[in-house]
Structures are given as C-alpha cells and as structure tokens.
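Thanks, everyone. Let me put the structure up, and then I'll walk you through it.

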Amino acid sequence: MEKAKAFLELTQGESDPVSSLAFPPHRLGTECSFYEYYALRGIRVDRIEPGQVFCTFRVPPRLTDRQGKLASGAIANLVDEVGGAVVYVEGLPMNVSVDMSISFLSSAKADDELEIIGRVLGQKGGYSGTSVLVKNKTTGELIAEGRHSLFDFVDNGCFHNFIRGTDIEDSRPPGIRVDRVEPGLVFCTFKVPPRLTDRAGKLAPGAIANIVDAVGAGAVNVGGHPLNVSVDMSISFLSSAKVDDELEIIGQVLGKKGGYSGTSVLVKNKATGELIAEGRHSLFAILVCLSHRADDGL
C-alpha cells in the first residue's frame with residue numbers, strides 16, 4: 001500500500017503550490033474554465049479547412065510528467081479539445097465526449113513543437129466521429145493518434161479560447177487518496193476540485209483521462225514492476241461529475257505478458273454508485289525491454 005501511495009499521492013511539497021492557487025469561478029457554459037486555460041494555453045490554430053483543423057502547440061513544462069515528457073493525460077486532453085473543436089459549428093450546441101481511444105506511439109519533451117491535425121471522420125444524427133494526429137513538427141514523428149466520438153449537447157456554448165492559461169506542474173491529480181491495495185488492485189478516492197472542471201462545471205474528459213492514466217499505471221506499479229509508459233488508452237464516458245462529488249476509482253491489472261501490462265480503471269460516484277467512466281490502459285515496462293536487450297548482448 002505504501003508503494004501505491006508513493007506513486008499516486010502527491011507529497012506536501014508537491015501539492016502546496018497547487019493548493020495555494022486561487023481558482024476564480026467562471027460563468028458556466030459561456031467562459032473557459034481554469035482547467036481549459038492551463039491545459040490549452042499556447043495552442044495556435046494555423047489553418048481551417050472543411051472538416052479539418054491544423055494547430056501548433058509547443059510543449060510547456062507545466063504539462064510534463066515526472067520524466068519530463070508530455071503527460072499522457074495532457075495528450076488525451078488535446079485529443080478531446082481538438083476533436084471537439086473540429087465538429088463545432090458556431091451558433092449550434094456544443095458536443096460532449098462519448099468515447100475516446102488513443103495510441104501513444106512516441107513521446108515529446110518540453111519545448112518540442114507539435115503539429116496537431118483534427119479531422120471529421122463522419123456524422124450521423126447527433127453523433128460525430130473525429131480523428132486527431134499529434135506529430136513532432138520538426139521531425140514528422142507521430143506522437144499519438146486518437147479517435148474521438150462526440151454527441152450534440154443541449155446547452156449552447158462558444159468556441160474554446162485556446163490562448164489563455166495558468167501554469168500547473170504535476171500530471172498526477174492532486175488530492176487523490178489511496179484507500180486500499182490488494183494484489184493487482186488499487187482503490188482510491190478523489191473529490192472533484194473546481195480546477196479540473198470544464199466550462200459546464202463538470203469534471204473535464206481530459207482530467208478523467210489523466211486519472212485513468214495515473215491509476216492504471218499505479219495498479220501495475222503495486223506489483224513491483226519497473227516504470228511503465230502508456231501505449232494505448234480507451235475511455236468510455238458514461239456520466240458526469242461536478243465539483244465536490246466524491247469519486248471512487250478502482251484500478252485493476254487485467255493481465256501481463258513480457259513487458260506489456262493491461263489494466264482497467266473504473267471511475268464511480270462514491271455516493272450513488274453511478275459509473276462515470278470506464279477506461280482500458282495498456283502499458284509497457286521499458287526497463288524490462290532494455291534489460292532483455294542487455295542480456296542478449298545488444
């Protein structure tokens with residue numbers, strides 16, 4: 001249990017910078033939230049074509065993980081926001097995320113310039129399907145590929161303001177608490193803070209993705225495995241959570257083969273038992289791969 005706590009829970013020194021920040025309330029449905037500000041600050045829309053949007057984003061230190069790489073949750077947030085923006089039509093209702101699947105093919109470090117391309121794959125009724133490619137703009141290397149399904153929402157909204165933002169450092173959600181650890185399982189509690197809500201006052205899909213990434217990795221780490229990197233993540237968004245809702249988060253190891261591990265993460269409303277999201281998370285133990293290569297004389 002102590003190993004899970006060390007992996008998932010922030011130390012006092014790590015959480016104090018976030019806890020000391022003030023989060024001014026925003027007007028629901030009309031203004032960008034704090035979460036959108038810090039996650040998207042600096043993104044630039046370069047070109048728009050029918051069914052496509054081309055963006056540039058320089059990786060800021062605030063969105064890197066403990067290894068100095070662009071956090072998987074931050075990538076998921078880019079897929080969510082750019083995928084949502086490409087189907088947005090001014091004057092029509094905003095869309096809500098229904099399903100998101102991301103393959104993490106490479107990594108990006110602070111100050112890398114990324115090219116992000118969002119495309120509409122198709123629309124039927126209120127549903128839209130989009131794809132989002134995240135590339136290193138200098139080398140052309142593909143960092144991540146995401147598929148994003150959305151559904152028309154009844155409330156009106158405005159196009160996301162991609163320019164403003166506020167710095168935040170750690171990719172782990174401050175405030176998460178490890179309640180219990182069993183072989184291949186970790187049980188956590190998390191109270192939704194205002195800083196992680198979207199403009200509608202709900203827990204942002206990108207924040208949910210970050211929880212799936214962190215708790216999924218934490219469940220594997222409990223078994224004493226080496227440090228893992230995210231390979232693939234798929235999340236179904238089944239309901240929503242608002243500020244101060246207490247969530248129960250259950251991470252489970254589904255299986256392991258060689259350096260690969262598969263995990264599932266359930267996010268529930270602790271008071272009602274309602275399922276908020278279900279995620280599947282694949283990880284690879286890079287140190288296992290390197291040790292095998294060394295043993296083989298490579």
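First, a definition: helices and strands here are DSSP runs, numbered from the N terminus. Keep in mind that this is a predicted model.

Asp 244 is in the loop between β9 (228-237) and β10 (246-257). Its phi is near 75°, a positive value in a residue other than glycine. Why flag that? Because most residues other than glycine have a negative phi. Is Asp 244 buried or exposed? Asp 244 has a relative accessible area of 53%, so it counts as exposed.

Asp 111 sits in the loop between β3 (95-104) and β4 (113-124). Asp 111 also is not a glycine, and its phi is positive, about 80°. Asp 111 is exposed, because its relative accessibility is 51% and the cut-off is over 50%.

Step back to the whole chain. It has six helices and twelve strands. Of its 298 residues, 48% are buried. The accessible surface is about 13900 Å², and carbon and sulfur atoms account for 52% of that. Take contacts between residues at least 6 apart in sequence: 71% of them join residues at least 24 apart.

Next, the inside. Nonpolar side chains tend to be buried together in soluble globular proteins. Here, the largest nonpolar core has 58 residues. Which residues touch the most other members? Ile 116 and Ile 249 do. Setting aside neighbours within four places in sequence, Ile 116 contacts residues including Ile 43, Phe 54, Leu 78, Val 82 and Val 134.

On to helix α4, residues 72-86. It has 15 residues and spans 21 Å from first C-alpha to last, close to the 21 Å expected. Why call α4 largely enclosed by the rest of the structure? Because 15 of its 15 residues are buried.

Now a hairpin. β7, residues 177-182, pairs with β8 in the antiparallel sense, over five bridges. Arg 177 has Thr 189 in β8 as its bridge partner. Two residues separate the strands of this hairpin. In the turn, Gly 184 has a positive phi of about 75°.

Follow the chain past β8. Pro 194 lies in the loop between β8 (185-191) and α5 (205-222). Pro 194 has a relative accessible area of 45%, so it is partly exposed.

Definitions and conventions:
Residues are numbered from 1 along each chain as its sequence is written. This is a predicted model: local features need pLDDT of at least 70, side-chain atom pairs count only at pLDDT 80 or more; totals for chains, interfaces and linings use all residues. Side-chain values use heavy atoms; hydrogens and water are left out. Helices (H or I, at least four residues) and strands (E, at least two) are DSSP runs, numbered from the N terminus. The expected span of a helix is 1.5 Å times one less than its number of residues. Buried means under 20% relative accessible area, exposed over 50%, partly exposed in between (1.4 Å probe, protein chains only). A nonpolar core is a set of buried Ala, Val, Leu, Ile, Met, Phe, Trp, Tyr and Cys residues joined through side-chain atoms within 4.5 Å. Contact means heavy atoms within 4.5 Å. Accessible areas come from the Shrake-Rupley method with a 1.4 Å probe; for residues, only the protein chains shown count as cover. Two strands pair if DSSP finds at least two bridges between them.
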